[in-house]
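Dear colleague,

Please find the structure below, followed by a summary of what was found in it.

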Amino acid sequence: MRCPIGKPSGSILTSWLSGLEVGRLERVLATRPDAVSPPEPRSFGELADRLQRPASVAPVLAELALPQLQVAEALAARGPVPRAVLADLLDVTEPETDRGLDTTLETLADHALVWPDGQGMLHMAAPLRQAWDAPLGLDAPLARLLADTTSEELRRMLVALGIPAPGTTKKDRLATLLEHHSDAERVAALVASAPAATRKLLERRARHQREQNQEQTEFLILGAPRADSEPGARWALERGLLVQDRYSGYRPTRMPAEVTLALRGADWHAPFEPCPPTVQTVSVTEAEVDREAAAAATAFATHAASVLAACAASPPARLKSGGVGARELSRISKATQCDEIVVRLVLETAYDAGLLARDGDGVAATEGYDAWAEREPAEQLTTLLQAWRTLPATPTQARDGDGKALPALAGAPPCGGCARARDGLLAAAAALPADQGVRSPVELGPLIAWHRPFTHKLPQDATPFASVVREAELLGVIARGSLSRIGAALQADDGEALAAASRRLLPTATSTARFGADLTAVVTGTPSARLAALLNAVADRESVGTASVWRFSPGTIRSALDTGRTPDAITADLADVAVGALPQPLSYLIHDTARAHGHVRIAPAACVIHGEEPALLAELAAHRKLTGLGLRQLAPTVLVCRTPLDKTLAALRAAGYAPLAEKADGTVRVEKAQRRRASAPAPTPLPGQRSRSAPMETPVDVGLSALAARLRDAPPSLPDPDPFGTGVPYGTDTEEIVAGYAENLTYSDVRQLAHAVDAATAVTVEYVAASGNRTVRTLSELDLDPPYLHAWCHLREDERVFTLSRVLAVMPA
């Protein structure tokens, strides 16, 4: 359906653009990525055409607040109207709402969605009407619905209304009918005089309460409605109160917008909320906001450094279905003493910033992490904040719509509503009065919905947008219910201001530690990468936060000695970072542990050579031809060897010696000749399929006459390919496609699923979800789109997408 103002609005938009001031035009262009520079006067027409493209309007609508969308919907429903008509439709009677309407129209004009012409009419971009199927619940105007009606049909409508038909042209008759239906009082009086069934039908349709189950479908025969159509519809169709699509009689009848508005009455108004919801606020000072934001940001920066260091030392494993599962998240959380929500937030932002990357079956740190770890905490936080601002999903989402656990870094599809929720949060917090913050973070939810109606609410949130608000608090973006310096820089999308705010709120990295006589080391603030690496190597971290604590023990010192460090080197390294002298108990612990270190040694050996003649064993150890065995003499009669026993035995015999092999219990191993047999090759599966068992055939001895008869009766052409080794070829192309992707299905399951796709029947499948859990689903309306299967899930009562490789079994529905 095309917008009635699509053509003329282009020239009106051109003249409006050409009359804008440079600053105003730059604001318009800033909202449209396809027009980034002020055009020459001769290209205003081209700019107007580009601004009216559907692809240009849709992204802008997603960034609008609720009142702007409400005004845009009202204009999309009524078309070009004066401001007074629009104000009456929106029930703008108070000075405050009148100012809100002016502000809203100004914003829409800055986005080139709405603009005035010389006569005071408000026009809109052509694709704007198409953004709603039925703006304000109204269908198209009567003029558009009757555009394809013949002149004779218009004459019959006027006769039914008791109006003399003017002239014989379609234009005159249509104008007369439009004049009649544009008068709300006339339409209301006409409906009041209608039969009871017609009046009930029209009133129900005006209130958007159409019948869910129609016994019969309305359609036209030779331009006239059927007599047995929906009760009451014929009377309305004959008078233009309802209109039937002449080219598709099976569609429901349509009610013109003028008729709907007339039946709703003069008291009905379109919704318009120019002011955000009222929330309870408290007074906060800038110093209080800075103090709390600094504490939160410092704690997060410390946690982030700790989590990423743990991932660099021991990369978390990925699930077969993708992502980092609950077990790995719990391990990292326990090792770094962070909540799981913080671990998820760090992993997602670090991965988006390029500090982590998928590496085989795990997630490993990148070279970018090494450079990041050497930076100051403010720079580290800035990197993660910029990643959080543009993340295509909510990083702390831990549950899906079915309540099942979701892994981190699962690679979910981009969620535009999730990104807009962050935009709405920043806009809502920025719009709060100066020195005021919300009493409770819960109250930010309605403000987010008002500033960004096209947002995504997570099913795991007990209150609207609780996850995104919690993330902002952890990052120091929101503090004391108000926008911090960091949040203001993010809201303005100013990278330099964000870096400056982070440097102001976060202290520099701490390069020294205070060592106590209780064998602890305390670091206030965020430890530097060198200090953290040193303390992690010789002690266990007990707490993380604004102050981190490490504890020394014989086990931690022993681990440091195992890496090749000497006790003097450990003492010297700790003394370099100590505030004052090292406590005597710590020095005693290091040297006491070192004295007992290495008294017992373990050497690797593949086999042991021993004998009764020390001279012979010394000769073996010095033999030049046996150097490759890796012989080492531990005692006069004992040699250890790095080569396995059988290879050592063969090498000694080849060198002219006569060794004897022993078993593990010391008894002599008796060598027997092993008979070598070849194994029959296994059937080779098709690409993308797992091996399936084939029936075994018992060989039968046949005579020459029987063999000749079999050869004579053989078909002249080769049989169809046998994909599964069962003697049955593919029955249809669908079977071959399903078998190529559903690797876990047997041939009978493949045939059953392919039959359900071709015959449009229901089927029950056993399926492995993305979370790794097995589930049984009954599916219908199957649509094969390799490697996916689109179907209606009866369990969830919704259309879902299933991966064929995760289908384990197929059963009748």
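Which side chain does that of arginine 774 meet in a salt bridge? The partner is glutamate 766, with an N to O distance of 3.3 Å. A salt bridge here is a side-chain nitrogen of Lys or Arg within 4 Å of a carboxyl oxygen of Asp or Glu. At 61% relative accessibility arginine 774 counts as exposed, while glutamate 766, at 23%, counts as partly exposed. In these terms, buried means under 20% relative accessible area, exposed means over 50%, and partly exposed lies in between (1.4 Å probe, protein chains only).

Before the remaining findings, a word on the basis of the values. This is a predicted model, in which local features need pLDDT of at least 70 and side-chain atom pairs count only at pLDDT 80 or more, whereas totals for chains, interfaces and linings use all residues. Residues are numbered from 1 along each chain as its sequence is written, and side-chain values use heavy atoms, with hydrogens and water left out.

Overall composition

The chain has 813 residues, of which 43% are buried. Its secondary structure comes to 33 helices and 23 strands; these are DSSP runs (H or I, at least four residues, for helices; E, at least two, for strands), numbered from the N terminus. Among contacts with a separation of 6 or more, 61% are between residues 24 or more positions apart, contact meaning heavy atoms within 4.5 Å.

Nonpolar cores

A nonpolar core is a set of buried Ala, Val, Leu, Ile, Met, Phe, Trp, Tyr and Cys residues joined through side-chain atoms within 4.5 Å. The largest one has 63 residues, and Phe300, Leu347, Trp388, Val477 and Ile486 have the most contacts inside it. Helix H15 (residues 286-313) supplies the largest share of this core, ten residues. A second, separate core comprises 31 residues, including Leu86, Ala87, Leu89 and Leu136. In soluble globular proteins, nonpolar side chains tend to be buried together.

Apart from neighbours within four places in sequence, phenylalanine 300 is in contact with Val342, Leu345, Val346, Leu381, Leu384, Leu474 and Leu475.

Helices H9 and H10

The axes of helix H9 (residues 151-161) and helix H10 (residues 170-181) come within 9 Å of each other and cross at roughly 35°. Axes are lines fitted to C-alpha atoms, for helices over the stretch in contact, and angles run from 0 to 180 degrees between N-to-C directions. The crossing of H9 and H10 is left-handed, that is, the near helix is turned anticlockwise from the far one by less than a right angle.

On the H9 side, the residues in contact are Ser151, Glu152, Leu154, Arg155, Met157, Leu158 and Leu161; on the H10 side they are Lys170, Arg173, Leu174, Thr176, Leu177, His180 and His181. By class, this contact has six nonpolar, four polar and four charged residues.

Arginine 239 and helix H13

Arginine 239 lies in the loop between H13 and helix H14 (257-264). Arginine 239 is buried, with a relative accessible area of 13%. Leaving aside neighbours within four places in sequence, arginine 239 is in contact with Ala160, Leu161, His181 and Leu190.

Within H13 (residues 233-238), arginine 234 and glutamate 238 are separated by about one helical turn because they are four residues apart. The two form a salt bridge, their closest N and O atoms being 3.1 Å apart. Arginine 234 is partly exposed at 36% relative accessibility, and glutamate 238 is partly exposed at 30%.

Other salt bridges

The count comes to 24 salt bridges. One of them joins arginine 800 to aspartate 798, with the closest N and O atoms 3.7 Å apart. Both residues are partly exposed, arginine 800 at 26% and aspartate 798 at 35%.

Backbone features

Most residues other than glycine have a negative phi, and most peptide bonds are trans. The peptide bond from proline 786 to proline 787 is cis, with omega near 5°. Proline 787 is in the loop between strand E20 (774-785) and strand E21 (788-793).

Alanine 760 has a positive phi, near 55°. Its place is in the loop between helix H33 (747-759) and strand E19 (763-768), and alanine 760 is exposed at 63% relative accessibility. Glutamate 781 also has a positive phi, of about 55°; glutamate 781 belongs to strand E20 and is exposed at 61%.

Yours sincerely

Notes:
Ala, Val, Leu, Ile, Met, Phe, Trp, Tyr, Cys and Pro count as nonpolar, Asp, Glu, Lys and Arg as charged, and the others, Gly among them, as polar.
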